[in-house]
Amino acid sequence: MRKLIGILLIGGFAFYLITVGMGLFSAESRSELDSVGSEILATSPDLSGAANTVTAVVVQYRGFDTLGEVTVLFASALGVSMLAMAIRDGLLQDLFDDDGGFVLQAGSLALLPFIVLVGIYIVLHGHLSPGGGFPGGVIIATAVFVVILTSKTLSIPRGLINVLETLAGLGFLAIGFVGLYSPAQSFLANILPKGEFGSLLSAGFIPVIYAIVAIKVASELINIISKLTAAGSASREAAE
Amino acid sequence: MTVPQILYVSAFLLILIGLYSLLTQRNMIRMIIGLNIADLGVNLFLVTIGFVDNGSAPIFRAQAAAGPMVDPVPQALVLTSIVIGFGVTALALTLVMRLFVTHGSIDTARIRGLKW
């Protein structure tokens, strides 16, 4: 019965998608962009100074949306923290009965600086190549995640991470307000020099914002991961 | 079939597969996986909208590549979409953990008040 209702609902939705998508599907393959895309591609190098146009769209054209995006991520991390705080019931206990053993622990600690280095590289080259604050922050958090997976005794400096997260959020807002009181008089306006196009120190405030976003994303992810795994390890200690 | 047509069909199929598993699965972890598959389909659809024939990545280089560049706006939107998808998944998994603690099961049929 359940499957039948599911198939019927999905069939109806598929019919809707087919009727809507018919125009897209039957259209000739496009050889040129519509007005918004071509306009951004034409003005982006002069306006933002970033070689990577996607980064220019995310930070320069839609910087305010990116602030909202970071806020959504913060709300999600907050919800995970509050919900995981109440879990003390031996739920992930089996997962944490074994630590990884010496080889995995030493290996993960040896890997940590290299993974962080790759993350920092991706963050700093966000305006030149694919990457930027969001993927780079995730990679930095992954380094800590590998260590958490192998050793159950690792204690994460929660206070330091929370301070970093708060400072990064406030820094993003501070850059926005600096733009508001600069000659450009708009929120998140660029006041830094654009530099030589295509070099590492270019694109004005885009690398600065992406560094802040990376700190915020990394600290939020480390927070989420440590909260979720602490639900298991705390219960383990309580059981002993 | 051209490349965008194949990608549109794949995106629609991914969305339908994800929604189907969301509707029919009783295990909540599988429902979250279904949600992620549908999310993936939407991302693929958005990126495909910005595709142009023989388009290259919208990054300006010293040696300019021949041909047009693809639309950067949908790609920036997909970046946002991926981040929001991550937030939703993390929150959903935590809710499932809470549900397991309070009800002892993640099967919707076994939890009173969630059966349909």
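## Helices H2 and H3 of chain A

The axes of H2(A) and H3(A) come within 10 Å of each other and cross at roughly 70°, where axes are lines fitted to C-alpha atoms, for helices over the stretch in contact, and angles run from 0 to 180 degrees between N-to-C directions. H2(A) and H3(A) are therefore roughly perpendicular to each other, on a scale where angles under 35 degrees count as roughly parallel, over 145 as roughly antiparallel, 65 to 115 as roughly perpendicular and the rest as oblique. The crossing of these helices, H2(A) and H3(A), is left-handed, a term that applies if the near helix is turned anticlockwise from the far one by less than a right angle, with right-handed used if it is turned clockwise. Helices (H or I, at least four residues) and strands (E, at least two) are DSSP runs, numbered from the N terminus.

On the side of H2(A), the residues that meet H3(A) are Ile40(A), Leu41(A), Ser44(A), Leu47(A) and Ser48(A), and their counterparts in H3(A) are Thr53(A), Ala56(A), Val57(A), Gln60(A) and Tyr61(A); two residues are in contact if their C-beta atoms, placed from the backbone, lie within 7 Å. By class, the contact of H2(A) with H3(A) divides into six nonpolar, four polar and no charged residues, with Ala, Val, Leu, Ile, Met, Phe, Trp, Tyr, Cys and Pro counted as nonpolar, Asp, Glu, Lys and Arg as charged, and the others, Gly among them, as polar.

## Basis of the model

This is a predicted model, in which local features need pLDDT of at least 70 and side-chain atom pairs count only at pLDDT 80 or more, whereas totals for chains, interfaces and linings use all residues. Residues are numbered from 1 along each chain as its sequence is written, and chains are lettered from A and ligands numbered from 1 in the order in which they are written.

## The two chains

The secondary structure of chain A comes to eight helices and zero strands, and its elements, from the N terminus on, run α-α-α-α-α-α-α-α. Of the 240 residues in chain A, buried residues make up 35%, a residue being buried if 20 or more other C-beta atoms lie within 10 Å of its own, exposed if 12 or fewer, and partly exposed in between, with C-beta atoms placed from the backbone. Among contacts in chain A between residues at least 6 apart in sequence, 74% join residues at least 24 apart.

Chain B has three helices and zero strands, in the order α-α-α from the N terminus on. Of the 116 residues of chain B, 32% count as buried, and among contacts in chain B between residues at least 6 apart in sequence, 50% join residues at least 24 apart.

## The interface between A and B

In the interface, 47 residues of chain A are in contact with 37 residues of chain B. Helix H1 (2-26), helix H2 (35-48), helix H3 (53-61), helix H4 (63-85) and helix H8 (206-239) of chain A each supply at least two residues of the side that touches chain B, and the largest share of that side, 11 residues, comes from H1(A). The residues on this side of chain A divide into 28 nonpolar, 11 polar and eight charged.

## Helix H3 of chain B against chain A

The axes of H3(A) and helix H3 (residues 72-103) of chain B come within 9 Å and cross at roughly 60°, which makes H3(A) oblique to H3(B); the crossing of this pair is right-handed. The contact joins Thr53(A), Val54(A), Val57(A) and Val58(A) of H3(A) to Pro72(B), Val73(B), Gln75(B), Ala76(B) and Leu79(B) of H3(B), and by class it has seven nonpolar, two polar and no charged residues.

The axes of H4(A) and H3(B) also come within 9 Å, but cross at roughly 10°, which makes H4(A) roughly parallel to H3(B). Residues of H4(A) in this contact include Asp65(A), Glu69(A), Val72(A) and Leu73(A), and among those of H3(B) are Thr80(B), Val83(B), Ile84(B) and Arg98(B). The contact of H4(A) with H3(B) divides into 10 nonpolar, five polar and three charged residues.

Asn223(A) lies in helix H8 of chain A and, with 22 C-beta neighbours inside 10 Å, counts as buried. Leaving aside neighbours within four places in sequence, Asn223(A) is in contact with Ala77(A), Ser81(A) and Ile161(A).
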